[in-house]
Structures are given as structure tokens and as C-alpha cells.
Amino acid sequence: MAFELPALPYTTAALAARGMCQETLELHHGKHHQAYVTALNGFVTANAALAGKSLEEIVMMTNGKADMAPVFNNAGQHWNHMLFWTNMSATGGGIPGKLEAKLIADFGSVQAFKDAFKTAATTQFGSGWAWLIMDASGKLKCTKTPNGSNPLATGEGKALLGCDVWEHSYYLDFRNRRPDYVTNWLDKLANYEGVSL
Ligand code: MN3
């Protein structure tokens with residue numbers, strides 16, 4: 001069965017007032033994410049070893065294999081973007097009490113969490129992702145991955161929030177100012193209500 005582009009959980013105009021315009025979402029979801037899905041389906045059709053595998057299985061079986069890098073990149077990006085769309089909300093930014101308490105316990109304060117996330121996002125050289133993860137010991141951490149990689153592939157932990165720091169995610173709204181995009185994302189877009197601890 002072919003992989004499919006999931007519908008956005010909001011309209012393409014829904015996040016405009018919070019710093020992600022309709023054109024960004026139309027291009028990012030309808031063109032960029034669609035292109036990853038289309039490419040992935042092409043690889044699956046052409047390679048019998050990938051047939052019938054889940055997305056997670058494809059990410060894991062192609063991870064770190066040079067000859068499978070194009071498959072890994074597109075599978076990883078499909079996985080990352082499916083999480084990314086649910087990680088934003090038209091009512092984003094508000095942190096529920098249970099998550100707030102966990103952030104304070106593991107980072108010292110909510111601001112320290114945001115600072116760590118922003119550092120991960122802004123020190124990822126070139127394209128990639130910043131993450132809030134829960135590691136195997138149950139502790140929350142901020143990490144980063146290049147290009148289409150993710151915490152599933154690195155084995156660092158369960159991804160709770162992922163922020164796309166490829167330029168296509170912010171250039172129309174913030175031009176070259178990735179730090180401003182990330183600050184806005186954490187304060188106004190991030191769907192903390194959807195994080196399950
Ligand atoms: Mn993207």
C-alpha cells in the first residue's frame with residue numbers, strides 16, 4: 001500500500017496570525033512533504049526489499065546505509081513531517097501543568113527548556129530538525145538531527161516535539177532569521193497540549 005500525504009489538522013490559513021503564513025503551509029505541506037511521499041513510494045515500487053514495510057521499518061532498515069541514503073532521507077522526512085504538523089496548533093504555545101512540571105524538573109525552568117531547544121535549532125548547521133525527546137531513563141532532552149534524520153533513527157529517545165529548521169519552513173515568514181522563527185514556534189505555534197508524557 002502506498003504511503004499517503006496526511007491532511008493537515010488545520011487549514012493552511014490557520015497559523016498565519018501566529019507566524020506561519022498560508023503560502024508557507026501550502027508549499028511546505030502540498031509541495032515539499034508531498035514530494036517526499038512521492039519519492040518514497042517510487043523507491044518502494046522499485047525495491048522489493050521495501051515492499052510491505054512500515055514507515056518506521058524503512059527508516060530503521062535504511063539508516064546509515066550509504067546506498068540507501070535517498071530512501072532514508074525521504075522516509076525520514078515523511079515521518080518527521082507527519083509529527084511536525086501535529087506539533088503545531090492554532091492555539092499553540094500554552095504549556096499544560098503536567099508538562100510544565102516535567103520541564104522544570106528536567107531543565108530547571110520552562111525558559112531553560114526553550115533556551116536548550118533554541119540552541120539545538122540554531123546550531124544545526126544547514127537543514128535539519130530540533131527535537132524535544134524523552135530518553136530511555138524518562139528524562140526530557142533537546143537534540144538536533146541533520147537533513148531527514150530523527151530520534152527514531154538515532155535511537156536517542158521518543159520524539160515529543162520536532163521543529164523543522166529547513167529554510168523552507170521559515171523563509172517566507174522570517175527570511176534568514178532562524179532564531180526568531182524558533183522563538184515564535186516555541187511561544188505561539190508549538191502544540192504542547194498534544195505532547196503525551
Ligand atoms: Mn520541511
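Which side chain meets that of Asp 106 in a salt bridge? The partner is Lys 102, with 3.0 Å from N to O. The legends below describe close-up views of a predicted model.

**View 1. Salt bridge between Asp 106 and Lys 102 in helix α4.** The side chains of Asp 106 and Lys 102 form a salt bridge. The two residues are about one helical turn from each other, because they stand four residues apart in helix α4 (residues 97-107). Asp 106 is buried, its relative accessible area being 18%, whereas Lys 102 is partly exposed at 22%. The structure holds four salt bridges.

**View 2. Salt bridge between Lys 114 and Asp 187.** The closest N and O atoms of this pair are 2.7 Å apart. Lys 114 is buried at 15% relative accessibility; Asp 187 is partly exposed at 36%.

**View 3. Salt bridge between Asp 135 and Lys 141.** The side chains of Asp 135 and Lys 141 meet at 3.1 Å, N to O. With a relative accessibility of 12%, Asp 135 is buried. Lys 141 has a relative accessible area of 37% and is partly exposed.

**View 4. Protein donors of the manganese ion.** The ion has as protein donors His 28 (NE2), His 81 (NE2), Asp 164 (OD) and His 168 (NE2), at 1.9 to 2.1 Å. Their spacing in sequence is H-x52-H-x82-D-x3-H. His 28 is in helix α1 (residues 22-46) and His 168 in the loop between β3 and α7; the pair links distant parts of the chain, 140 residues apart. Both of these histidines, His 28 and His 168, are buried.

**View 5. Strands β1 and β3.** Strand β1 (residues 128-134) runs antiparallel to β3, and six bridges join them. Ile 133 has Ala 159 of β3 as its bridge partner. Strand β3 (residues 158-164) is largely enclosed by the rest of the structure, because six of its seven residues are buried.

View 6. Most residues other than glycine have a negative phi. Asn 147, not a glycine, has a positive phi of about 50 degrees. Asn 147 sits in the loop between β2 (140-146) and α6 (151-154) and is partly exposed, at 39% relative accessibility. Arg 175 also has a positive phi, near 50 degrees, and is placed in the loop between α7 (171-174) and α8 (178-189).

How values were computed:
Residues are numbered from 1 along each chain as its sequence is written. This is a predicted model: local features need pLDDT of at least 70, side-chain atom pairs count only at pLDDT 80 or more; totals for chains, interfaces and linings use all residues. Side-chain values use heavy atoms; hydrogens and water are left out. Buried means under 20% relative accessible area, exposed over 50%, partly exposed in between (1.4 Å probe, protein chains only). Two strands pair if DSSP finds at least two bridges between them. Donors are N, O and S atoms within 2.8 Å of the metal (3.2 Å for Na, K and Ca); water is not among the atoms, so sites may look incomplete.
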